[in-house]
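Morning, everyone. Today I want to talk about pockets. Let me put the structure up.

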Amino acid sequence: MSQTTQANQRKLKDAKLFIDGAYVDAISGETFDTLDPATNLKLASVANAGEEDVRKAIEVAQRTFESGVWSRMPVEERAKILCKMSDLVMERVEELALVETLDVGKPIKESRGFDIPRAAWNLRFFAEMAKYLVHEHYEMNGFMSYAKYAPAGVTSLIIPWNLPFMQMTWKASAALAAGNTVIVKPASYTPLSAVMMGEIANEAGLPPGVLNILTGPGGTVGTAMTTHPHVRRISFVGETTTGKTVMRNAASQLIPVSLELGGKSANIVFADADLDEAVKGSIEAIFRNQGEICLAGSRLLVQKSIYDQFLDKFVQAVKKIKVGNPLDPDTDMGALVSRSHLATVDEYVRIGLSEGAKLAFGGKRITSLGDGNFYEPTVLYDVDNKMRVAQEEIFGPVIVIIPFETEEEAIQIANDSIYGLAGVVWTNDLRRAHRVADQVQSGLLWINCWYVRDLRTPFGGAKASGIGREGGRHSFEFYTEAKTITMKR
């Protein structure tokens with residue numbers, strides 16, 4: 001047995017559904033197993049919800065919403081409870097980080113140092129912001145009008161497997177702060193940390209029925225959560241094809257949707273950039289979380305005059321990445337989420353090589369770490385943007401490097417994609433930075449940095465990367481119904 005297997009061989013508490021403030025089995029009694037990506041050993045049994053469980057949870061959420069126990073609670077009181085939840089998350093940061101790392105396969109230093117603290121901040125940020133939202137008031141010809149933003153109602157949140165706890169709080173914090181009741185479906189690959197939020201909610205005093213958590217397959221649970229007539233908002237984070245299905249489901253009941261979908265973001269390095277800074281940032285932008293992140297700068301566009309120099313620096317830096325036991329605090333890159341996903345990532349590397357891309361480093365599964373889903377950080381270069389590896393989202397530790405000559409060509413390549421989630425520009429020319437930022441078709445763009453998030457700003461993608469924006473006031477606009485009230489003075 002390898003050291004990695006020995007270190008990670010453990011079983012976590014089995015996960016049940018969280019409905020109406022209590023943990024319960026699925027009505028069918030069925031369960032499924034969640035596995036440790038670093039060992040492919042069982043971590044826990046998880047309740048397998050069916051349509052009846054979804055209907056039950058939605059009925060509870062609807063009844064709770066109509067009761068007003070949360071929806072009509074003064075916003076200051078709601079904020080206190082959400083801030084208490086934030087405090088409890090930080091009190092349990094070590095436990096939550098351990099569960100997140102074991103379930104996702106990501107390095108413990110990321111779970112402990114970023115994911116869980118950011119989740120706590122999500123709760124506190126939206127709780128505090130809800131207290132200070134500015135409401136509109138207008139006067140005209142003896143009449144006064146004002147806009148009231150009321151909670152929308154039962155809200156379905158479908159969360160991806162790559163950043164489960166952080167993504168859950170990103171969505172649920174705003175929906176709850178606005179006064180809605182919530183149904184959360186975490187991904188079946190990584191359900192364990194999300195389910196723990198029920199304990200935190202109860203301890204903080206969140207009324208029963210306000211937050212409900214259902215584990216189970218998307219085809220059953222997700223479909224029921226996106227077609228039920230009591231549901232008034234749907235927010236989904238995941239792959240673009242699934243997002244289209246969610247949108248079709250929602251259309252049958254005219255339910256507003258927010259979709260955060262896939263990406264193939266261009267990371268553009270100009271010749272005048274600080275190359276050491278660009279290398280460091282570009283490494284982070286593709287290999288963080290094993291490349292399993294929608295915001296990854298997975299297309300690296302490098303100006304030809306510095307192409308060879310940059311490639312050499314980049315490859316040398318990649319060789320220093322430590323892939324290993326996710327529980328080791330020195331590990332930079334852990335295991336991919338599943339054996340099937342590892343096979344998909346490897347298949348894309350084979351496709352890229354068959355298309356004519358060249359391999360500078362990596363390109364195979366790491367077998368020395370035991371039975372886990374470990375894959376080498378991989379660098380494909382001399383890639384043409386028409387290749388599948390440049391057009392399709394790999395969602396793994398694979399970077400494709402594309403040369404360009406001029407600023408205009410870089411913009412053309414960046415926009416030659418069905419996706420439009422994010423982008424990065426590395427340059428010391430301020431005017432160029434703003435020109436390129438203005439012309440790249442993406443919902444987010446960073447200049448000389450990556451993944452810096454101010455929660456007040458809008459978050460979302462263009463084109464096939466999504467519909468709608470969340471963050472700051474944009475979240476509250478989505479999770480509420482605006483009503484104009486006019487009276488004669």
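What volume does the largest pocket have? About 870 Å³. Keep in mind that this is a predicted model.

Now, the lining of that pocket. It counts 40 residues. Look towards the centre, and the nearest ones are Trp161, Phe236, Gly238, Glu239 and Thr242.

Which elements supply at least two lining residues each? They are α8 (218-225), β10 (231-237), α9 (240-251) and α12 (339-355). Among the contributors, α9 gives the most, with five residues.

Next, the domains. Domain 1 covers 17-261 + 465-488, and domain 2 covers 266-447. Each of them puts at least three residues into the lining of the largest pocket.

On to the second largest pocket. Its volume is about 360 Å³. It is lined by 19 residues, and Val75, Arg78, His135, Lys148 and Tyr149 sit closest to its centre.

Where does this second lining come from? At least two residues each are supplied by α3 (75-91), α5 (108-131) and β6 (143-151). Here a strand leads: β6 gives the most to the second largest pocket, with six residues.

By residue type, the lining of the second largest pocket splits into twelve nonpolar, three polar and four charged.

The largest has about 870 Å³, and α9 is its top contributor.

How values were computed: Residues numbered from 1 in each chain as written. Predicted model: local features only at pLDDT ≥ 70, side-chain atom pairs only at ≥ 80, totals over all residues. Heavy atoms only, no water. 1 Å grid on protein atoms, 1.4 Å probe; cavity = no way out; pocket = protein on both sides within 12 Å on 5 of 7 lines; lining within 4 Å. Points joined across faces, edges and corners; volume = space filled by probe spheres on them. Helix = DSSP H or I, 4+ residues; strand = E, 2+ residues; numbered from the N terminus. Domains from an automatic or database assignment. Nonpolar A, V, L, I, M, F, W, Y, C, P; charged D, E, K, R; others polar.
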